[in-house]
There are 4 protein chains.
Amino acid sequence: MDFSHEPHVVDLAERVRTFVDDHVLPAEPILDEQLAATPEEWSFRPIVTELRARARAAGLWNLFLPGAQGAGLTNLQYAPLAEITGWSPRLGPVAFNCAAPDTGNMELLSDFGTPEQKSQWLEPLLEAQMRSAFCMTEPDSPSSDASQISTRIRREGSELVINGRKWWSTGAMNPEAKLLIVMGKTDPEAARHQQQSMVIVPRETPGVRIVRPLTVFGYDDRDHGGHAEIVFDEVRVPAGNLIGGEGAGFAIAQARLGPGRIHHCMRTLGMAERALALAGSRARERSPFGRPLAEQPVIREWIAESRIELESLRLLVLKTAWLMDTVGNRQAMTEIQSIKIAVPRAAQRILDRVIQLFGGAGLSGDHPVAEMFAGARALRLADGPDEVHLSSLGKAELRP
Amino acid sequence: MDFSHEPHVVDLAERVRTFVDDHVLPAEPILDEQLAATPEEWSFRPIVTELRARARAAGLWNLFLPGAQGAGLTNLQYAPLAEITGWSPRLGPVAFNCAAPDTGNMELLSDFGTPEQKSQWLEPLLEAQMRSAFCMTEPDSPSSDASQISTRIRREGSELVINGRKWWSTGAMNPEAKLLIVMGKTDPEAARHQQQSMVIVPRETPGVRIVRPLTVFGYDDRDHGGHAEIVFDEVRVPAGNLIGGEGAGFAIAQARLGPGRIHHCMRTLGMAERALALAGSRARERSPFGRPLAEQPVIREWIAESRIELESLRLLVLKTAWLMDTVGNRQAMTEIQSIKIAVPRAAQRILDRVIQLFGGAGLSGDHPVAEMFAGARALRLADGPDEVHLSSLGKAELRP
Amino acid sequence: MDFSHEPHVVDLAERVRTFVDDHVLPAEPILDEQLAATPEEWSFRPIVTELRARARAAGLWNLFLPGAQGAGLTNLQYAPLAEITGWSPRLGPVAFNCAAPDTGNMELLSDFGTPEQKSQWLEPLLEAQMRSAFCMTEPDSPSSDASQISTRIRREGSELVINGRKWWSTGAMNPEAKLLIVMGKTDPEAARHQQQSMVIVPRETPGVRIVRPLTVFGYDDRDHGGHAEIVFDEVRVPAGNLIGGEGAGFAIAQARLGPGRIHHCMRTLGMAERALALAGSRARERSPFGRPLAEQPVIREWIAESRIELESLRLLVLKTAWLMDTVGNRQAMTEIQSIKIAVPRAAQRILDRVIQLFGGAGLSGDHPVAEMFAGARALRLADGPDEVHLSSLGKAELRP
Amino acid sequence: MDFSHEPHVVDLAERVRTFVDDHVLPAEPILDEQLAATPEEWSFRPIVTELRARARAAGLWNLFLPGAQGAGLTNLQYAPLAEITGWSPRLGPVAFNCAAPDTGNMELLSDFGTPEQKSQWLEPLLEAQMRSAFCMTEPDSPSSDASQISTRIRREGSELVINGRKWWSTGAMNPEAKLLIVMGKTDPEAARHQQQSMVIVPRETPGVRIVRPLTVFGYDDRDHGGHAEIVFDEVRVPAGNLIGGEGAGFAIAQARLGPGRIHHCMRTLGMAERALALAGSRARERSPFGRPLAEQPVIREWIAESRIELESLRLLVLKTAWLMDTVGNRQAMTEIQSIKIAVPRAAQRILDRVIQLFGGAGLSGDHPVAEMFAGARALRLADGPDEVHLSSLGKAELRP
C-alpha cells in the first residue's frame, strides 16, 4: 500500500496546477466580461478558445482519455489532474478538452463507435473543433429508470426515425454542439435492458427542435452551452448512425456512466478545495466584532469538518479509480456508487458553510461559491438521484 | 392555554386563503410571461398592480400593520394570514401590500416618523403608490456588526451630507422605490450604539447612484425590484429627514428587526407548506421503477420529517407572536432569535428534500421550489447570520 | 390562541416544582446509597415509599389520571406537571404515583376494566399498594407488528390458558409487581386486529416464570423493577380476567398507547431541561485553557440549539395534549406520532451534547446524564421504532 | 499509488481473521459465563489467559509493537490486523497482547524507559505476566489541558513523593495491573509544557488507594479491569522511577497519544464492521409487516450510509498510518486528529443505526451492539474531546 502518486503524475499535476494558476483562474473575470458583453449568445466565448489553444500548446490535452488517442493515463493517474481542473468549474475542464459531456461522448465513441463514426465525430471532438450533447433524460419519465424512456426509434428501410422529447441535454444550446447522441427505445418488447439503442443525430437534422434552455437555480450555464429541452419529431438519420448495434443502448449508457461519475467526483473535490481556499482568505480578512473569523471557534470547526470530509472522500475516489484500473468498472460498482453519493453531498455541505462564512457576498455573483453550490446540488440528481444509488448499494451490502 | 385561533381570525384567514387560491396562484404564470416579455425592466409588472387592486377591493390590505392605519391586527392574529401569503413568495405578500422591505419601512415611519415624514412617505406607501428600500448592509463591513458601519452622515447647516456604499438594498432597482431609508454614522465617537442615525433619502437625490443589481444563486429577483448596490456620494438632504433624532439609528434598527424577522418566518412557513403540497402531488404522479413515489418509504420519511419540523416551528412562531403582543418585543428576544435561526434552516432542509423528490425538474424554473430554496437560504444570512444569533441565545441561556 | 397555562395549573406546577426541589432531587443520593446497600434486590427502596407518603400528604397524587379517581386533570393541564417529574426520572414520576407502566395499566383498567377488576387491581394501584407490569413485546417477533404476536391464550372451560414468552416487561422484576397484563392471541384466524386479547395474570400464578432481567446500555434499572423476560407456560387464570372482551386486545393497546406516549414525551422534556440546567452549571465552573466553557462559542451553540429544539417540541407536546382533550386521541394521531418520534430523538441529541460538555464525568454515574441518555435512546424503540411511525405519518401526509 | 496490502500482510491478516473466527468470537459467551460466575472480581477471567496462550502459540503476539521486541510491523502493516481484533472489543485485542492501555505503556517504556525499567516492567508486559494502567486524567481538571494537572511530584532526596487524584485509569481495578504510570507536575513554575513528569508507581506502594470503579453508561468494563479512581497520598518511589527525565512528561504523553489514537481507530473500524455484519444477519431474519428488514429501503439506506462512512474513513486511517511510517507522527498530526475525531463519531452513528435495526434487543446484553455503542461514545472523550481537536485542526487549516 502506497499513498504517493508516481513521480510523472506528480510532475503532470504540477504542470496542470501551474497552468490553472497562471491562465485559468485569471481568465475567470475575462469570461464574466465576455458573457456580459454578449448576453444572448450560447456559444463558447473567445477566452475559452484561447485557453484551449494554450493548454494544447502546453501538451495538456485530452487528459481524460486513456489509450493512444488521449493522454494515455489511467483513472488513478488522471484523478489529481481532474481535481485541479475542478478549481475553475467553468473554465478548467474545458481548457484541457476534459469537460462533460464531451468527455463521456468521446469515450463512448472511442469504445463503441465504428471507424466511420470515429473519423466523423470523435476526431473533431478530440481536436475541439466542435462540441456535443448527450440526450437521455426526458421530462415525462423518471431519469433513474431507463425502462420508462418514451423516445422511440423505428427503422424505415435504411433509416432510423426518432420521435421523443429530451431535456437536461447539457451543452446543447451551444450551436457548436453539432453532435447529439440520443437514447431511445428501438424495441419496447425486448428484455428490459435490451430495448434501448443509442444513435448519432447531427444537430442540424430536420425535425430536431431546440425548445428552450433550462436553469439550475437561477443559472442558465450559458458559458458552456446551457441545458436544453429538445424535441425530436420524425427525425431521420441513416441506420449507420446506430452506436454499438440495436439494443445496446442500456449497456453503453452504463459503460459511459462509470467514468463519467468518477470524473464528476474528481472535479467536485477540486471545486470544494477552491471553496475552502477562498473561505480561508475571507476568514483572515473579515473581523466582525473585532476578531478575525479565522480565530472564531465555530468557523474553525466548519473548516476542520470540511477538511476531514474532503480528505477521506478523496481517498475513496482514488481507491475507486485504482479499482477501475485494476479489476474493472464492474467490480468497482460499489465504490463508484459510494462516491457518486458522497462527494456531491459533502461538497454541498462544505459550500453551504462557505457561503455562510462569506455572508451575503457568498450568495451573489461576486464570488464563485453560490454557483459552485448549485453545481454540487445538481450533481446529486445527475445520473439518477442519490436514493437510487443508496438503495442499490444497501441491497448489495445486505446480501448474505 | 388554547391552540385555536379566534373566530374572526379564522374567518380572515379563510378569506386570504381563498384570495390566494383564486387570484394569486393563477397569477404566477402571468407574472412569468410578463417578466419574459420585458426582460430588462425592474419595475412591478402589471399583474402586481392588478392583484393589489383586487386585494384592496376585497378589504385585505395592510394586514401587517397594527393600529388604525393598518388592519389593526396583533402579531398573533397576523401570523396565519402572513403564512398564507408566503405560499406565493413573489406575489402573495405584495398583493396585500405586506411585502418586505416596505412593511418594515412603514412600521418604522409609523413608530418613529414625524407628522411630515408620515404624510410625505408613509401615506403613499400605505396606498401602494410607491415602494421603498432599506439601506443598511455594506459590502465592506460585516452586516452583523453595526459598529463597523462605514457610511458617514455629517451635518452641514440645515443639511445632512451622506457618503457611503450600501448593498443588498432589496427593491431598490425598482424605479418606483422612491424612498431610501439609509443608516450611517453621525457620530463615530459616541457610545457604541449611539453612533448611528437613520435618514430619509429620496431616490432621485443627486449623488445617489444605483451601481448594479446583485443575484441570489443566479436569481436577480427582478419581479420585486431586485437587490441593489448603491453609492451615496455627497448626497444632501434636509436635516428634517432624520428619523427619530441623531444617534437613534441603532435602536430604530433593532425595533424594526423584531417584527421583520417574525414576518419572514411566518411567510417562510407558508412557502414550505406550499413546497410540501407540491411534493405531495408530484409523489402521487411519478412512479420510477413502477411504484409511486408516494408509496416509497424513503419519501414518506422525508415528508414526515418535514411535517414534524413545520408543525413544531409554526407553534414556536405563534408563541413568539403571542409574547410580542403580551410582554413586548424585548421580552420575546430569545424566541425571536430562535425562530430567526430555526425556521429558514428548516425550510432549506425541506426544500432540499422537495427538490430531490422532483429530480432535475426541481432545479429548473418549471416549479417554484428551486427559487424558494434560494429564498430560504438567503434568509439565513439576512439580518445577520445564524451564528450571531445562536451565540447570543446560548450566552443568555448560560447565564446563572 | 393563548399560550399561558390556567392559574390553577400554574399553581399546581409550582407546588410540584417545590416538592421536586425540596424532596425529590435531594432523595437521589439517598436512593444511590440504598441501592448500593442492597445490590441484589429488585423491590422499591425505602426512600421511594417515603417520598410517596410525602407527595400524597401534599395532595400531589395520581396526577396523571383524569376523572374522579385521579386528580381530574386534562392532558394539557397534566403536561407541565409531568414535565417537572421528569427532572428526576428515577424518583419524580414514582413519587407522585405517576410512573410508567403503572399509569398506563391504571388507565387501561379504569377505561376497560370490570367493576371486579377495578376493585381488585385498580384500587391498590391507585393507593400504591402494589406495582404492575405490561407484557406485550416478545423476543421472537417484531414489537411494532401486533399481528406477529406468538403468545397464545386458549379458553378451557371457565379458564384461560396462556403460553408464550415476553420481554421488556418493565417493572416486572420487582416482586411488588403483583399484576401482569398480558397480550396474546385468542383467535389467530380472526381479522388482523381482532386476534389479540388482554388478560390479567397475577404474578404468582403457577407457570409464570421470571426468566431474567434485561439491561439498557448496561443499566438494569433495578430501582424501579428492571425489565424482565417472562415465560408463561400453561398459565391458567379465570376467564373473568379478560379485559374488555375477546379480540379487544389490539384496540385496548392502541388506546393505552396514546396517553402513554405523550406522558413519556412530557417527562422526557423535563429530563432534557434538567440536563441543560446541569450543563449550565458545569459550563460556568470548568475552564479548560483558561476560559469558562460557558463563554466558548461552540458550547453556546450547543446550548442554543438545545433550547430551540426543546421550546418548539414542548409546544408540539402541549398542542397534542390540547387536541387529545378537545378532539380526541384518534384525531390527534398525527401529532402523537410526531412527538413520539421527535421528542426522544431531540433528547438524545441534547444529552449527547451534555455528556460531551461534561467530559468523562458525563459517562459515569457521578451525574445523571449518561443514564438519561440511555433512557432517551430506549424511548426511540419503546412502542415501536421511530421508523414505523415516520412511515405511517408520511403515508397519511401524502394522501391526496 | 497502490491500495493493496503487501502479500505477507494479507497473509498475516488472514491468520488473525481465522484466529478471531475460530477462537475469539466463540469465546465471547464463555467470557459472559465466567463474568456471571464471579461477579465481584476485577481480574482477567480464565478464558482470557487461555486465548493468549493460543495466540502466542500461533505466533500472533505483540503485533502492535514495531522493532525486534514486537512483531516488527509498521503502522500501515498493523492496521488491518488491529481492525480484525476490534471485531471482539473485549477479547480480540487482549488475546494478541495488543490491548490498551498496555500497548501505550509498552511503547512508552520501549521508547523512553531505562534498561532497568525495561527489564523490570516492559518485559513482563510483553510476556503478558502483568497488566498496567496509565494515570493521567483527573476529576478536578479538564483532561484536555495538561497545564491544569494538579497532581504534584516532589523530590525528597533520592525519592519522589506523589500526591494527587486520578480517574479513568483504565484497567487499574484489576489487581494484576501491577504497574501504574502516573503523570504529575514536578515544576509548576517551568514553561507550560515542561512542568510535567511521568513516573512509575508500583500498584502496591503505600499511599496508593484505589477508590472506586467508574462506569461508562451502565458498564463497569470489569472484564478488562474497569476504570479506577485512584488517590495518591504521599506515595514514595525511588527517583529512578522517573521516565525520560524531569519535565519530559508532556512530550512523552504526546508521543504516546499518536499511536494510541490510531490503534483505537483501527479497532473501532473493526467493531463497526462487526456491527454491520450482525445487522445484516438480523435484517435478513426479521420480517415485521411481512417483509424482511433487508428489503426495506430505509434499512438499505442505513447500511449504505454506514458502508460509505466506513470505507472512506478506513482509507483515511490507512493513509495516516502510512504518513506516520514515512514522514513521522508529527507530520501526520492533522491526519491523526482527523481520524481521532471522525472514526469514533462515525462508529457511534453506525451503532446507533444498528441498535435501531435490532429493536429492543439491541439495547440489551444479548448482542454486543449496545456495549459497542458505549465504547465508541467514550472514545469521543478519551484523550480530549472532539472539540479540542477540531479547533486545533481548523486553526492549522486556516493558517495563511
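# Reading a predicted model, feature by feature

Biologist: OK, on to charges. How do I read salt bridges here?

Modeller: The general idea is that side chains of opposite charge can pair when their charged atoms come close. For this structure, a search over all chains turns up 125 salt bridges.

Biologist: Let's take one that involves B:Arg377. What is its partner, and how far apart are the closest N and O atoms?

Modeller: The partner is A:Asp352, and the closest N and O atoms are 2.7 Å apart. This pair crosses between chains: B:Arg377 sits in helix 10 (residues 369-379) of chain B, and A:Asp352 in helix 9 (residues 333-358) of chain A.

Biologist: Is B:Arg377 buried or exposed?

Modeller: Remember that buried means under 20% relative accessible area. B:Arg377 has 0% relative accessibility, so it counts as buried. A:Asp352 has 14%, so it counts as buried too.

Biologist: And B:Arg212, which residue does it form a salt bridge with?

Modeller: With A:Asp366, the closest N and O atoms being 2.6 Å apart. As for accessibility, B:Arg212 counts as partly exposed at 26%, and A:Asp366 counts as partly exposed at 36%.

Biologist: Now one inside chain B. Which residue pairs with B:Glu28?

Modeller: B:Arg274 does, and their closest N and O atoms are 3.0 Å apart. B:Glu28 belongs to helix 1 of chain B and B:Arg274 to helix 7 (residues 249-285) of chain B, so the pair ties together parts that are 246 residues apart in sequence. Both B:Glu28 and B:Arg274 are buried.

Biologist: What about salt bridges that link up into a network? Which residues take part?

Modeller: One such network links A:Glu83, A:Glu273, A:Arg307, A:Glu311, A:Arg314 and D:Glu397.

Biologist: Let's turn to the backbone. How should I read phi and omega?

Modeller: As a rule, most residues other than glycine have a negative phi, and most peptide bonds are trans. So the exceptions deserve a look.

Biologist: Where is there a cis peptide bond in chain B?

Modeller: It joins B:Ala100 and B:Pro101, with omega about 0°. B:Pro101 is placed in the loop between helix 4 (92-95) and helix 5 (102-112) of chain B. In chain D, a cis peptide bond joins D:Ala100 and D:Pro101, again with omega about 0°. D:Pro101 falls in the loop between helix 4 (92-95) and helix 5 (102-112) of chain D.

Biologist: What else lies in that loop of chain D?

Modeller: D:Ala99 is found there, between helix 4 and helix 5. At 11% relative accessibility, D:Ala99 counts as buried. Its C-alpha is separated by 14 Å from that of D:Leu257, a residue 158 positions away along the chain.

Biologist: And what is the phi of C:Asn62?

Modeller: About 50°, a positive value, although C:Asn62 is not a glycine. C:Asn62 lies in the loop between helix 2 (46-57) and helix 3 (75-85) of chain C, and at 3% relative accessibility it counts as buried.

Biologist: How about D:Phe289: what is its phi?

Modeller: D:Phe289 has a positive phi of about 55°, and it isn't a glycine either. You'll find D:Phe289 in the loop between helix 7 (249-285) and helix 8 (297-326) of chain D. D:Phe289 is partly exposed, with a relative accessible area of 45%.

Terms used: Residues numbered from 1 in each chain as written. Chains lettered and ligands numbered in written order. Predicted model: local features only at pLDDT ≥ 70, side-chain atom pairs only at ≥ 80, totals over all residues. Heavy atoms only, no water. Helix = DSSP H or I, 4+ residues; strand = E, 2+ residues; numbered from the N terminus. Buried < 20%, exposed > 50% of the residue type's maximum accessible area, 1.4 Å probe, protein only. Salt bridge = Lys/Arg side-chain N within 4 Å of Asp/Glu carboxyl O.
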